[in-house]
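User: I've got this one open on my screen. Can you walk me through it?

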Amino acid sequence: MNEKNTDDLTCSVKNRSIHIYPIVCMLVVCFGCNTIAEYPKGTFGYDLAYLQRTEELVMLQDGEAMVMVSPSGQGRVLTSTSNGLSGRSYGWLNKKAIDQNSQSKTKKPIGGEDRLWLGPLGSRYTLYYGGKEIAQNNWRVPALLSTAPFQIRNQTERSVALYKEATIQNNIQTTFSIAIDREITLLSRSETSSLLGVSLPKPVRFVGFESINRITNRGDDWKKEAGLIAPWVLGKFPGSSKSVAVFPYKKEVSRPFQLRKYLGDFAEDRVQVLENVVCFKTDGAFRSKVGLKPQNTVPVLGNVDVENQVLTIVTFSFDENGSFLSSTETESPDLFGGDVVNAYNHTPVKGQPTFFELESAAPARELKTGQSITHIHRTFHFEGPLNELNELSRILLGVALHEVQNGFD
């Protein structure tokens with residue numbers, strides 16, 4: 001999207017078909033009247049005003065639940081709220097990059113709570129080092145996975161379908177010609193209750209959405225020896241001092257439980273393994289990452305933030321017999337040594353907490369021309385009284401809030 005001022009953006013939205021962007025039109029008009037800009041930092045309304053300067057936005061809404069999607073920014077979900085424009089904004093956004101984007105046509109990725117990447121991260125088949133040595137100074141995220149615009153295929157008040165055709169190359173110069181279909185849907189109360197198997201308490205506000213990500217091979221048949229690729233979804237959220245990620249896990253007698261630590265070792269003040277869950281501190285204040293292999297994975301991941309009284313739940317499609325791509329940044333030839341689910345905690349900036357990530361991946365397959373891999377990633381935020389969140393945590397994660405907090409206070 002070209003650099004535009006607020007008036008240009010408003011006109012461009014008004015010139016589109018009203019049935020495609022009904023809610024965006026309403027909100028851009030409000031912003032032009034200087035009402036949304038008055039919302040305080042940390043609210044959905046504030047982030048909307050901030051983002052309209054640089055992003056093409058699609059708004060999905062069901063009552064007070066709202067989701068903000070950027071077709072011009074790789075079709076990602078930027079942020080969501082459970083309480084309208086004045087409600088908490090749940091996604092983490094890189095405000096520095098947004099400011100730079102407003103001054104330049106060379107766009108920078110700006111965060112967001114559901115964005116599509118492709119694996120593998122590591123091995124000789126990595127997509128993230130541009131054919132160079134696997135070293136930190138060669139790390140780069142391809143534009144396809146950071147700033148590329150996606151085309152809108154269809155939109156309703158609660159969903160948007162996006163599409164992209166592209167090529168991407170791994171570190172041994174294998175080229176993949178692919179089509180990406182990505183559909184974002186805001187989930188209703190009944191859909192959320194059904195998917196999670198819970199009755200939602202009235203005092204708890206919620207927002208839930210899913211991304212369905214399909215990668216189709218449009219080129220030659222994929223061969224294992226040339227490298228494979230698979231969908232991988234990451235979400236960024238603001239870190240806080242009381243924020244803890246929770247991994248339910250299963251034990252396998254024949255294949256012992258293994259929690260993988262990345263980016264160097266760290267002590268129990270960052271991660272603890274309890275009887276049925278792993279607790280990992282997500283305060284945005286210490287660079288670290290953990291993950292689980294397929295034999296230990298349960299297809300649910302949570303985050304407990306007692307400071308802000310928010311419980312986040314992530315669920316995802318999972319094939320326990322699948323082969324998951326390498327997720328370590330090494331030259332190892334092990335293509336299928338990867339994790340299914342990860343949490344990453346970032347470093348602070350100028351002493352202030354930044355973000356953490358919740359991630360899930362699909363298994364890889366040797367696709368023939370025209371075949372596809374699909375990965376579903378769902379995100380739910382619940383905000384309300386701690387006693388109600390505690391009951392949801394017990395049901396969905398198998399652990400009480402005080403158990404999560406033990407050892408991190």
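Analyst: Let's start with Lys-293, which lies in the loop between strand 14 and strand 15 (300-305). Strands are DSSP runs of E, at least two residues long, and helices are runs of H or I, at least four long, numbered from the N terminus.

User: Is Lys-293 buried or exposed?
Analyst: Lys-293 counts as buried, at 12% relative accessibility. Buried means under 20% relative accessible area, exposed means over 50%, and partly exposed is in between, with a 1.4 Å probe and protein chains only.

User: What is Lys-293 in contact with?
Analyst: Leaving aside neighbours within four places in sequence, Lys-293 contacts Gln-258, Arg-260, Gly-337, Gly-338, Asp-339 and Val-340. Contact means heavy atoms within 4.5 Å. Gly-338 is 45 residues away along the chain, with 6.7 Å between its C-alpha atom and that of Lys-293.

User: Before I go on, what kind of model is this?
Analyst: This is a predicted model: local features need pLDDT of at least 70, side-chain atom pairs count only at pLDDT 80 or more, and totals for chains, interfaces and linings use all residues. Residues are numbered from 1 along each chain as its sequence is written, and side-chain values use heavy atoms, with hydrogens and water left out.

User: OK. Which strand is joined to strand 14 by bridges?
Analyst: Strand 17 (residues 341-345) is joined to strand 14 (residues 288-292) by five bridges, and they run antiparallel. Lys-289 has Tyr-344 in strand 17 as its bridge partner. Two strands pair if DSSP finds at least two bridges between them.

User: Zoom out. How many helices and strands in the protein?
Analyst: Seven helices and 19 strands. The radius of gyration is 21 Å, close to the 22 Å that the globule rule gives for 409 residues, so the protein is as compact as a globular protein of that length. The radius is taken over C-alpha atoms, and the rule is 2.2 Å times the number of residues to the power 0.38. The C-alpha atoms fill a box of roughly 60 × 55 × 45 Å along the principal axes.

User: What share of the residues is buried?
Analyst: 58% of the 409 residues count as buried. In helix 3 (residues 44-51), eight of the eight residues are buried, so helix 3 is largely enclosed by the rest of the structure. Among them are Phe-44, Asp-47 and Tyr-50.

User: Which residues touch the most other members of the largest nonpolar core?
Analyst: Ile-178 and Trp-222, in a core of 46 residues. A nonpolar core is a set of buried Ala, Val, Leu, Ile, Met, Phe, Trp, Tyr and Cys residues joined through side-chain atoms within 4.5 Å. Strand 7 (175-187) is one of the strands that supply at least two residues each. Strand 7 gives the most, with five. Another core, of 25 residues, lies apart from it and includes Leu-200 and Val-306.

User: And what does Ile-178 contact?
Analyst: Beyond four places in sequence, the contacts of Ile-178 include Leu-118, Leu-144, Ile-215, Trp-222 and Ile-229.

User: New topic, backbone. Where is there a cis peptide bond?
Analyst: Between Gly-119 and Pro-120, with omega about 15°. Pro-120 is in the loop between strand 4 and strand 5 (151-155). Ser-123 lies in that loop too. Phi of Ser-123 is near 70°, a positive value in a residue other than glycine. Most residues other than glycine have a negative phi, and most peptide bonds are trans.

User: Ser-123 and Lys-350: buried or exposed?
Analyst: Ser-123 is buried, at 0% relative accessibility. Lys-350 is exposed, with a relative accessible area of 83%. Lys-350 sits in the loop between strand 17 and strand 18 (355-361), and its phi is positive, near 55°.
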